[in-house]
Structure formats: structure tokens, C-alpha cells
Amino acid sequence: MTQSSSVMTAAERPVVDTFVVGVALVGMLVLGGLIWLETAPFLVALFAVGIVLGVALYHGAFGFTAGWRNLVTTKRGAGMRAQLMLFALASLIMIPLLGSGQPGMTGAVAPIGVSLVVGSFMFGIGMQLGGGCGSGTLFTVGAGNIRMMVTLLFFIVGAVLGSIHLPWWLDLPGFDPVNLITLMGVPGAIAVQWLGLGLVLLWVNRVERRAHGSVEHGELRVMPVDGGVWRTLLTGRWPFVWAIVVLALGNAATLAIGGAPWGITFAFNLWGAKALQALGVDMSQFEFWTWDYPAMALSDSVLVNITSVMNFGLLLGAMWAAGMANKFNAASNQPLVARQFIAAIVGGLLLGYGARLGFGCNIGALFSGLASGSLHAWVWFACAFAGSLIGIRLRPFFRLAN
């Protein structure tokens, strides 16, 4: 009996990739130490928030791209409903924070115009060809996905090109930002956001019910299907609800600590611009890089840039999580064909260029925009989804499964 119990315990013990976990932990310690030495402790806290967000994105498999694609191709809406729950919870937490009048807090609010419409539409196409959105690209790269490394490289290239062209796009027709908090107060802004999210929810449910006769509510599951809570927390697939809570609180913590909501893609602009500067290109000849914030970021170390620091944490958090699950580089086990790499290049360029024109990605423009009560986030949502429909139809040409 004792021997049998011992055998069962050994068989059930999760296998951990100790090398990957070790590298991730060393990376966290070294980078965290450098950030501590370089700047103020609050950036170390944001680095830690980035790590937690990376773990949640990996274990929750919280991809915006697949959720949108599943609704279109299989008519299943669990992923979309999970996103809507995330936006609703984040709005409930962050709109009161932004409306409290605390000094030093700024929401993700942006103008509405041609630049936003074109940029978010391009981003939607890029999501489906590149294989991920802003957060999806980062956490899958952290988990060792080789194809997504190509997407990230060209994401950066596209972002830099977008930064060079952005002033021209901003001269095209548009109007000033619309901030629902300023317009109708905190209760009114939350009510409008929840009403809009509720209408989208009804549409998603209608699509699923018409195709399947009923709606599956896997996104509401709180307890894991396989394994206990602790084992799932460290090594398994999280229920959506766990990831939703962590991501919403993580965005609120970013706002409270850093003074602005969570963003990802400005760092890609910055990394690309710094690389070009290192090669001898004078980035100050381009108008975007003369504006106050970009110019300051370009002259400073990336270790004092909030978005960069959080992205580094996200990458290492996803790497640690993949090592704990013994699935580092697991997505690269299948042989890739040339067209899939071409899709990664095209998708990456569209993602980067579109994110710059659209004032961010699914995190900075959509998630943080909605949680800030900004009307531009709704326009971004609609245009990116329309672009995603085009991307989904292009995927078979690039030998990408739908």
C-alpha cells in the first residue's frame, strides 16, 4: 500500500524544466537589480507587476487573437466573453481611480480620426497573420515560440516606420479625444461602458446560439478541470476567471504605481529607434522623436522606461511559467513552412505600423482605453475586429490553420 502510494505520487508530480525556470529566475534577479540601481524603487514594483502579468497571460492562455477567430470560424464565444468580463471589471476599478482627481494619474485617452481607423484596421489583419496581438506576441516569445520571435522583430520594424509617418497621419481629418469620465462623471462612464459591453455580449451569444443552439459558459468556470488549485496555479491551464482578475488588478496597479494604464507597444518603438541610433541613424530628424515623451525616452536608458521595464518582466514571467509547465518552446515542435514565416513578417509589420497609428495595441488602446472611459477604444475595437475578419480569410493562403 505504501509502495503504491509512493508510485502514484511520483507519477502525478509535475515535471519542471529546471534549466528554463533557472534562467528566468536569474534574469529576474539580474534585471531587477539593474533597475533598482538605475532608478527609483517604483519601477522595480512595475517590473514585478509585469512578471505577474506574463504568468497570467501564459497560464490563462489569454489571447485576444484566438478569441476573435474562434467566434468567426467555430462560432464559439467563450474567449470573447472572457475579454468582455475583463473590460467590465477593469472599468469598474479604474474609472473611479481616474475620476478621483488624484494628481499624477492619466488615462489612455486618444483622438479619433483617420489615423485611428486605418491603424486599428491594419492591426486587426496583423493579429491573425502574425499569430498574436501585442500581449500575445510578447508572452509567446517568452515561452520560446520561434515563429513569434519573427513576428516580434517585424512588429518592432513596423512600429518604428509608423512613428516616422505618424505626424502625417495626424494631419488628416479627426477630432479631439472624448473622455466619458469628463463628459458624464464616474457613474455615467461606467454605465455607458457596461451598456456597450453588454450589447457586444448579446451579439456574441446570439452568434453562438444560432450556430449551436445553446451557449457554453466555460469562461465562468472558477475551479480547474484537471489537478488541484495549487498545481494548476503553478503548472496548468488557468480558468479564464483567474486570468481576468489578475489582469484587471495588474492594470489598476500599473495605473496606481506608474500614473498611466498598462501599455506595450511604445517600448517596441523605443527599442527599434535605439537600435537605429546605435547604427548611426539620427532619430531626432523625425518629428515624432522630437516630441517631449519620445525624445526623453530616446535619451534615457530603457531601464527607466515604464513600458520597457514591464515588457521585460512579462517576457521573463511567461518564460518562468512555460518552464514550470515544462512546455518551453512547445509551440515550435511542429515544422514550419516558408509561407508561415512570411505571414509572421507581414503580420508583424502590420501590427507595428497599425499600433503606432492606432495609439496602441489591444492592451494600450483597447483594454486600457476602455478602462479609462475613452471613446477611441470603441472605434479601435470595431475597426480591429473588421481587419481581423480579413486576416482570418488570408490565413489559409499562408498555411495557417483556422
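Predicted model: local features only at pLDDT ≥ 70, side-chain atom pairs only at ≥ 80, totals over all residues.
Start at the surface. Val26, Val30, Leu34, Trp36 and Leu37 together make up a nonpolar patch there, with about 540 Å² of accessible area between them. One of these residues, Leu37, belongs to helix H2, which covers residues 18-38. Leu37 counts as exposed because its relative accessibility is 71%, and the cut-off for exposed is over 50%.

Lys75 is not a glycine, yet its phi is positive, at about 60°. Lys75 sits in the loop between helix H4 (64-73) and helix H5 (78-99). With 34% relative accessibility, Lys75 counts as partly exposed. Arg399, also a residue other than glycine, has a positive phi near 60°. Arg399 is placed in the segment after helix H17 (376-394). Its relative accessible area is 48%, so Arg399 is partly exposed.

Asn205 is a buried residue, at 11% relative accessibility. It is part of helix H9, residues 180-212. Apart from neighbours within four places in sequence, Asn205 is in contact with Arg81 and Val215. Asp226 is 21 residues from Asn205 in sequence, and the two C-alpha atoms are 27 Å apart in space.

The aromatic rings are the next topic. A pair of such rings is described by the distance between the centres and the angle between the planes. The whole structure holds 20 aromatic pairs. Among them is the pair of Phe266 and Trp289, which is tilted, with 6.4 Å from centre to centre and 40° between the planes. This pair links distant parts of the chain: Phe266 is in helix H12 (residues 265-278), while Trp289, 23 residues away, is in the loop between H12 and helix H13 (292-299). Phe266 counts as buried at 12% relative accessibility, and Trp289 is buried with a relative accessible area of 2%. Phe397 and Phe398 form an edge-to-face pair, with centres 5.1 Å apart and planes at 85°. Phe398 counts as buried, at 11% relative accessibility.

Aromatic residues also form a cluster: Phe64, Trp68, Phe87, Trp203, Trp262, Phe367, Trp378, Phe381 and Phe385 belong to one such group.

The charged end of Arg339 sits over the ring of Phe397, 4.5 Å from the ring centre. Likewise, Arg237 has its charged end over the ring of Phe240, 5.5 Å from the centre.

Notes: Residues numbered from 1 in each chain as written. Heavy atoms only, no water. Patch = residues over 30% accessible without salt bridge, like charges linked within 9 Å, V, L, I, M, F, W, Y side chains within 5 Å. Areas by Shrake-Rupley, 256 points an atom, 1.4 Å probe, with all protein chains shown as cover. Salt bridge = Lys/Arg side-chain N within 4 Å of Asp/Glu carboxyl O. Helix = DSSP H or I, 4+ residues; strand = E, 2+ residues; numbered from the N terminus. Buried < 20%, exposed > 50% of the residue type's maximum accessible area, 1.4 Å probe, protein only. Contact = heavy atoms within 4.5 Å. Phe/Tyr/Trp six-rings, centres within 6.5 Å; stacked < 30°, edge-to-face > 60°. Lys NZ or Arg CZ within 6 Å of the ring centre and 35° of its normal.
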